[in-house]
Amino acid sequence: MSNVQFGFGVGVANPLYPVEQQIDNWAEMARVGRQAGFNSVAAPHHWLAHPVKWFQPMLVLSRLAADTAPMNLISGIVQLPLYNPVDMAEQVANLDVMSKGRFIFGVGLGYREQLFEAAGARRADRVGRMVESIEVMRRLWTGEEVTFHGKHFRVTKGRISLTPLQKPHPPIWMAAQSEGAVRRAGEMGLAWYIPPQADFNDVKRLWTVYREALDKAGHPVPRDMPLLRYTCIAKDRQTAVRLAEGYMKDTFALYRPWGLEEKTTVRIHRSFDEELNRALIGSPEECAEKLNRFIEEFGVNHIVLSIARPNLKQEEALETLRLIGERLIPHVKGTG
């Protein structure tokens, strides 16, 4: 198996097709993607996201489990502080067993005040809820009886009946785009899931913080070093730029009112010219060169591509996966 693996995202409804047809389209993409050399499928998490139709990740991945073997299934990402950790520990264990040990648990803090209100939580408590949640889940996944009385969650003599197939539990990838969040991932010994909003220079700065936190806490570098990139790849650069321009502007227009950019995060909202540098936009060979920089500098070994864009026809999505398999993956270091 290749050292560097590739995945792609599903889970956002395409307005060209009825909502009930989406899952069949994604299953077809998974089959074509597997043949093209992809190793994983990822699904994002959003609530209250009208007018964009987001499917819920654990349900999407459960449905796709039979269509994707032997590919990994990634929650990319679950906004963990919105959930009760017992509920999520049970969901993760179920999905890992149903997929025969192919699940990767991607998590993040979340940021929208509206969602914390809906979850009966406070945004100000999100870090504490995240830390406690991971501790509770890790203990429950052992299958032993757990008593945990924290500030945010309480479990008394609790024991889950179904534990993950992967031991001690599925890999946990923590999305982070601020120094504090990256440091937290390192302190907890978790893989840092590099977000698409961080450009190469952002990652270089935050990578130092992450490695220092790992070393200080006595953790080895995790096996997985994942990277997520917004992607618009075409046969030539001119076509890719033309297709990406409206899509990128629309994407960040969606996130702007949600408050994704904070004082401590990397800069989210940038001009399209800057986006050309940050995202994977261009010919397959050109995009492979960008990825090779991340592989050489930071040891990135799992690359998840977000190829969806409005009005992308199913046959175009399939052709994109094949194009990546034929002309990008072979030019990426570590895939030979």
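**Entry 1: Leu 165**
I looked up Leu 165 and noted a relative accessibility of 48%, so Leu 165 counts as partly exposed (buried is under 20% relative accessible area, exposed is over 50%, partly exposed is in between, with a 1.4 Å probe and protein chains only). The model is predicted: local features need pLDDT of at least 70, side-chain atom pairs count only at pLDDT 80 or more, and totals for chains, interfaces and linings use all residues. I number residues from 1 along each chain as its sequence is written, and side-chain values use heavy atoms, with hydrogens and water left out.

I placed Leu 165 in the loop between β6 (154–158) and β7 (172–175) (helices, H or I, of at least four residues and strands, E, of at least two are DSSP runs, numbered from the N terminus). Together with Val 97 and Leu 162, Leu 165 makes a nonpolar surface patch of about 210 Å². Such a patch takes residues with over 30% relative accessible area and no salt bridge, and joins nonpolar side chains (Val, Leu, Ile, Met, Phe, Trp, Tyr) within 5 Å and like charges within 9 Å. The areas come from the Shrake-Rupley method with a 1.4 Å probe, and for residues only the protein chains shown count as cover.

**Entry 2: cysteines**
I looked for disulfides (a pair of cysteine sulfur atoms within 2.5 Å) and the count came to zero. Cys 232 is in no disulfide, and its nearest cysteine sulfur, that of Cys 287, is 8.7 Å away. Cys 232 is buried, with a relative accessible area of 1%. Cys 287 is at 0% relative accessibility and counts as buried.

**Entry 3: Gln 79**
I found Gln 79 in strand β3 (residues 72–79). Is Gln 79 buried or exposed? Its relative accessible area is 4%, so Gln 79 is buried. A polar atom of the Gln 79 side chain lies 2.8 Å from the backbone oxygen of His 45. Leaving out residues up to four places away in sequence, I listed the residues that Gln 79 touches (heavy atoms within 4.5 Å): His 45, His 46, Gly 108, Gly 110, Tyr 111 and Leu 115.

**Entry 4: salt bridges**
I noted 14 salt bridges in the structure (a side-chain nitrogen of Lys or Arg within 4 Å of a carboxyl oxygen of Asp or Glu). I then went through some of them.

Glu 179 and Arg 183 meet through their side chains at 3.9 Å, N to O. They both lie in helix α6 (residues 179–187), four residues apart, about one turn of the helix. Glu 179 is partly exposed at a relative accessible area of 34%, and Arg 183 is partly exposed at 34%.

Glu 275 and Arg 278 form a salt bridge at 2.6 Å, N to O. About one helical turn separates Glu 275 and Arg 278, because they are three residues apart in helix α9 (residues 272–278). Glu 275 is buried, with a relative accessible area of 2%, and Arg 278 is buried, with 3%.

Lys 333 and Glu 296 meet at 3.5 Å, N to O. This pair links distant parts of the chain, 37 residues apart: Lys 333 is in the segment after α11 (314–328), and Glu 296 is in helix α10 (residues 284–298). Lys 333 is partly exposed at 43% relative accessibility, whereas Glu 296, at 52%, counts as exposed.

I also looked up a network of salt bridges, which links Asp 24, Arg 31, Arg 63 and Asp 67.

Methods: Polar contact = N/O pair within 3.5 Å; in protein donor to acceptor, adjacent residues only side chain to side chain.
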